[in-house]
Each structure stands twice: as C-alpha cells, then as structure tokens.
Amino acid sequence: MVKFGKHQQFFLEHDLKDLNFYTVPYDEFKHKWIPSKEELEETKGVDEATCDAFQEEWKECLYQSSSDFQDRIQEFWRSVFDAIEDLPDSRGAVPDQALRMFLDTLGEAKVAEIHIQLKHLHSVALMNAEALRKLVKKFDKTTHSKMSCHLLPQLYSSKICMALPTLENGIFLVRNYMGGEDEDEEAKQAEEAQRALLATQRRLRKLSVDFSTDDLDGFLPIQKKDSDAALIDKRNSELQWLHKFVQNFPDPTLIGKLVGHRGFHSVKDRSDRRPIENSLVAYEACWTNGICLCECDIALTKDERIILCHDDTFERLALDK
C-alpha cells in the first residue's frame, strides 16, 4: 500500500503542479506531532500542553484548507453567474441548473477545462480532509488520546467536507455534458462488457489443472509463446506447490478465509515462475486451486481508466526496462 504522504507528494508534483492550492503539510505535521514508541517511552506519554498544541496547529490547518477552498469555489461560481446573468432562468437558479446554462455558453475545449478545474477542487478538498482525519487517528492511536471526539466533528462539518457532494454532482454533470450520455455508445460498451464477462466465466469453467501433465493451455496464456520446456516445468512446479498447500492446509475450515495477495505471484517479480501480480492469470491461479478471495490494488489513470497497479508506474513489472 502506498503511504499517504507519498501519494500526496506525487499528486502535488504532477496533478497540482504550479496551481498553488493549499494542502495540509501531512508528513511535516506527522513527524512533528506523532511521537515514536521510543519517544513515548522516554517521555512516559504526552502531556496536556502537547495535546493542546497539537489541537491548535491542526485547527489552523483546517482553517487554511477551508479558507482556500471557500475562495476558490466562490470564484468558480462567480464566473458561472457572470456568464449567465443575462439569461432569464438564471434568477434563483439552483447549482445544477446554473451549471448547465453555463456549459451551454462554452465551447468543447472550455468545457473540458471546467471539468479539470472541478476535479482539482474536489481532489484537493478530499485530500486535505483525509490528511486531517489521518493525523487525528494516528495521534489517538499512538498517544491513546481521544482527539477524534473533539476534532473530527469540526472536520466533518467544515466547508471542505460539506461541499464534496455538490462538487461530485458537478463533475458528473460536466462529464455527461462532454458526451457521457450517448446512449448508443453506452449500450455498446455494456454489451461488450457482458460478452467479456461471459467469455471469462466460460474460461474459468473450463480450467481444470492436471498436474500429472504439462498441458496447462488456457491457464497461463504466456506459455503459448514460450517453447522452453524448462520454463513450463518451473511454472508447473509452482502451481503444484499452490495446489498441495491448499489441499494440505492444517485447518480446512479456514481455507475460505485465505486471501491471495495480488493473486498468485512472485514477491521477487519472477514472471518466469509465477504470473505477474494483479493480473487475471494470477487470480485464476488462486481461484482454480481453492483460494476464492484475492486482494488487488486499484488505481485511476489520468484519463480516468480503472487499472490494477500497486506502484505509481509499471516500471518494476515492465519486461523491457
């Protein structure tokens, strides 16, 4: 799992570069106020003054987050109503109605810019809210305090949290305006997804691994391109190991609770022995050998595609580095 501070830093350096949004200094705050076990043993816990100082700095971060967000969202809505002020229906318009009228005044490229602008506002608000929540949680967990009862109600009633649903509705509306309501295209995509699902189900039903032979056709597609018998033997032996592990598990009643971490893969990225992590083949290896539950890492690309990937890039798993 990627650490929150690392995720925040990546987001700031790429998605929010040069935009000057206020973001909670998560790592700096954590290192300053969350004591290590050794520090707690030396000081024998945290005193009331430390707790008070933590609260004050945390509240300042919440204030800065809310103020910056308020200024930016107010500026956005001001631009919306400036553009539609001469339209009769603009009087008393609710947010969705005002946003639709505003989009009607824009060209395709400008609508795309509005989409990005709203996504940035939403992402920063969500990231700041999560940073503040995590800091309280870590402080309570480490020091056995009860800051959550005092600080989280302030967070959840703040502007950055209360405005998230409105922003999400706005992003959804703009995305649909950009072409997301094309019923024919949606129907086509749904039909293709259904065909892919049925094909996968048929494939899984046909999968029955006979470890007495080297015939694993359909189980490891990469073998179709590989004529190296030694490589096939290596993979076959790994699958035999998995099969025997499940069959000989000490407590059969717990097999249903076993979880395949990113599927059946090599922790040393040995794709010559096991499938690549987070791949369908890695999950099929688990499923067909009695491990029904699998863990995966879900990420969203910049073009809003859902992928399974643990790292920020595919560099570690790339065959050609």
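**Close-ups of two helix pairs**

**View 1. Helix α4 packs against helix α5 at about 60 degrees.** In this predicted model, α4 covers residues 48-84 and α5 covers residues 95-104, and their axes lie 9 Å apart. Angles of 65 to 115 degrees would count as roughly perpendicular and those under 35 as roughly parallel, so α4 and α5 are oblique to each other. Their crossing is left-handed.

**View 2. Side by side, the residues where α4 meets α5.** From α4, look for F76, W77, S79, V80, F81, A83 and I84. Their partners in α5 are P95, A98, L99, M101 and F102. Sorted by class, this contact has eleven nonpolar residues, one polar residue and no charged ones.

**View 3. Helix α2 packs with helix α6 at an angle of about 15 degrees.** Here α2 runs over residues 26-33 and α6 over residues 108-143, with 11 Å between their axes. An angle under 35 degrees counts as roughly parallel, and α2 and α6 are therefore roughly parallel to each other. The crossing of this pair is right-handed.

**View 4. A closer look at the residues joining α2 and α6.** On the α2 side you will find Y26, F29, K30 and W33. On the α6 side, the contact is made by A131, K134, L135, K138 and F139. Which classes of residue make up the contact of α2 with α6? There are six nonpolar and three charged residues, with no polar ones.

Methods:
Residues numbered from 1 in each chain as written. Predicted model: local features only at pLDDT ≥ 70, side-chain atom pairs only at ≥ 80, totals over all residues. Heavy atoms only, no water. Axes fitted to C-alpha atoms, helices over the stretch in contact; angles between N-to-C directions. Helix = DSSP H or I, 4+ residues; strand = E, 2+ residues; numbered from the N terminus. Parallel < 35°, antiparallel > 145°, perpendicular 65-115°, else oblique. Left-handed = near helix turned anticlockwise from the far one by under 90°. Contact = heavy atoms within 4.5 Å. Nonpolar A, V, L, I, M, F, W, Y, C, P; charged D, E, K, R; others polar.
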